[in-house]
Amino acid sequence: MIDRPRLLRARSGTGRRGAAGVCGVALALALSACGGGTPRYTSDPAAGSERPPTEEPRRGTPTPVSPLTRDERAIGGDVLVRVGIHCAPGDVEVGSTAGVLLFEDPAGRLLAAELPATETVRVECDGDGDTVRARSGIRGDVVQRAPTLRFESAADGRVVVAGRELRGRIAVSARAGSLFVANELPLEDYLRGVVPREIGRRPAAEREAVAAQAIAARTYTMRRLDQYGSLPFDVFGDVRDQVYEGVGGEDAVADEAIRETLGLVLADDRGRLLEAYYSSTCGGVRSDIEAVWPWRESHEALRGGPDGPPGAEWCRSSPHFRWTETWTAKRLNELVRENVPAVLTLPPGSVRGTLKSVRVLRRGPSGRAAEIEYCTTEGTWVVPGDRNRWILRRPDGGILRSVQIELESDPSEPPRIVAHGAGNGHGVGMCQHGAMGRARAGQDFRRILGDYYPGAEVRRLRGSDLPAGRSGAS
């Protein structure tokens with residue numbers, strides 16, 4: 001049991017800061033209103049303009065590692081990353097595997113709460129909606145109030161939040177009645193909970209692919225420090241950024257790869273950190289970044305191209321190298337009416353009528369749909385490339401695996417529409433299943449990254465890579 005006198009026992013010191021063309025599918029016969037009848041990978045928004053299909057894809061070359069100079073030290077282990085693991089109204093339970101939970105009071109003093117192994121502290125919004133309070137798990141006594149409460153475990157334990165064991169510490173704050181929970185921990189420890197979730201638990205034979213993933217994930221993270229401005233974290237711990245599980249997601253092969261690549265990141269030809277995008281399976285051909293996200297910076301290292309010769313693509317072993325999805329005409333009509341408004345930022349219910357046809361209006365150099373047209377009895381809507389994955393959802397509710405698709409109609413009863421597809425994800429940057437195939441063939445992580453990010457440099461993380469106001473330990 002926790003009571004206030006035992007909980008607020010001060011400790012000395014402070015807490016650690018430590019091929020274009022129009023193809024279509026007509027929905028006829030059964031559509032009476034026609035006269036006859038919308039992290040394990042990133043959920044990124046989508047695409048539009050692309051390079052002309054006649055332009056030859058650029059091929060990569062092996063990537064050198066720049067030498068470490070005296071003024072460049074590997075700071076990767078020191079950078080503190082804030083991971084958003086909860087952002088919603090309600091409360092969370094915080095505990096410790098060591099039976100002792102430490103937290104900071106408003107004055108920055110580190111205080112201790114002795115907890116039985118099964119007991120937790122409940123943290124919730126206070127009455128004003130902008131303050132948090134901690135209550136003991138058994139008696140419910142309020143033990144602390146502050147704009148932000150930070151918790152960590154003592155005696156080499158781990159802090160536990162909602163049953164998830166985490167390294168580092170937890171910062172809980174509130175805004176307008178919502179609770180924000182961030183896991184604050186060193187970059188390399190964060191990667192231990194990310195890399196196995198993003199590329200999967202891989203055998204030792206694929207360790208070089210895992211090392212490549214570690215460098216890509218480290219670079220991705222560094223580019224996103226402070227990206228959300230007023231929010232109290234740098235990255236979401238889910239598909240909005242990178243999937244993060246904490247200690248439960250760690251893996252020995254990934255741990256070794258992270259240690260091997262300590263402080264290594266990808267940089268462009270001007271020395272800046274690269275936007276190191278990656279996805280599960282390119283389906284044999286990668287996409288240009290401007291074909292997927294035309295508003296983002298175009299870069300030679302993020303150009304599309306083949307992932308091996310036809311019939312010998314590196315990602316052929318992926319279960320999603322080729323796939324098929326089928327919808328009834330009725331279900332597809334529902335998906336279009338439900339999801340097109342959200343994807344195009346239109347008022348709910350603005351897509352009306354009965355669906356008549358779905359057509360790929362334009363394709364990019366990779367063969368992915370650059371525009372898809374949805375025509376109903378009351379209007380026509382054109383949606384750019386990758387955003388169509390959030391419209392043409394799979395039967396299980398997940399987004400469409402990719403827009404590298406061919407559509408056809410099936411006249412069986414009831415009428416159905418079939419998508420024959422390739423790949424899983426946006427297709428920009430590193431193909432994870434391709435990297436696994438390359439690793440099994442003996443390629444090291446430098447060669448893998450060189451082919452997937454042509455022209456990029458693998459170098460040491462520098463203090464200048466940190467955003468203004470952030471140091472190697474904050």
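Reader: Which residue with a positive phi follows H7?
Author: Good place to start! This is a predicted model, where local features need pLDDT of at least 70, side-chain atom pairs count only at pLDDT 80 or more, and totals for chains, interfaces and linings use all residues. Residues are numbered from 1 along each chain as its sequence is written, and side-chain values use heavy atoms, without hydrogens and water. Helices (DSSP runs of H or I, at least four residues) and strands (E, at least two) are numbered from the N terminus, and the residue after H7, with a phi near 100°, is Gly-442.

Reader: How many of the nine residues of helix H7 are buried?
Author: Buried means under 20% relative accessible area, exposed over 50% and partly exposed in between, with a 1.4 Å probe and protein chains only. Among the buried ones are Gln-432, Met-436 and Arg-438. Helix H7 (residues 432-440) is largely enclosed by the rest of the structure, because the number of its residues that are buried is eight.

Reader: Which strands do the buried residues of H7 pack against?
Author: Contact means heavy atoms within 4.5 Å. The buried residues of H7 pack against helices H2 (187-199), H3 (207-223) and H8 (445-452). They also pack against the strands E17 and E26 (430-431).

Reader: Is Asp-268 buried or exposed?
Author: Asp-268 sits in the loop between strand E16 (264-267) and strand E17 (278-279). Leaving aside neighbours within four places in sequence, Asp-268 is in contact with Leu-274 and His-299. With a relative accessible area of 4%, Asp-268 is buried.
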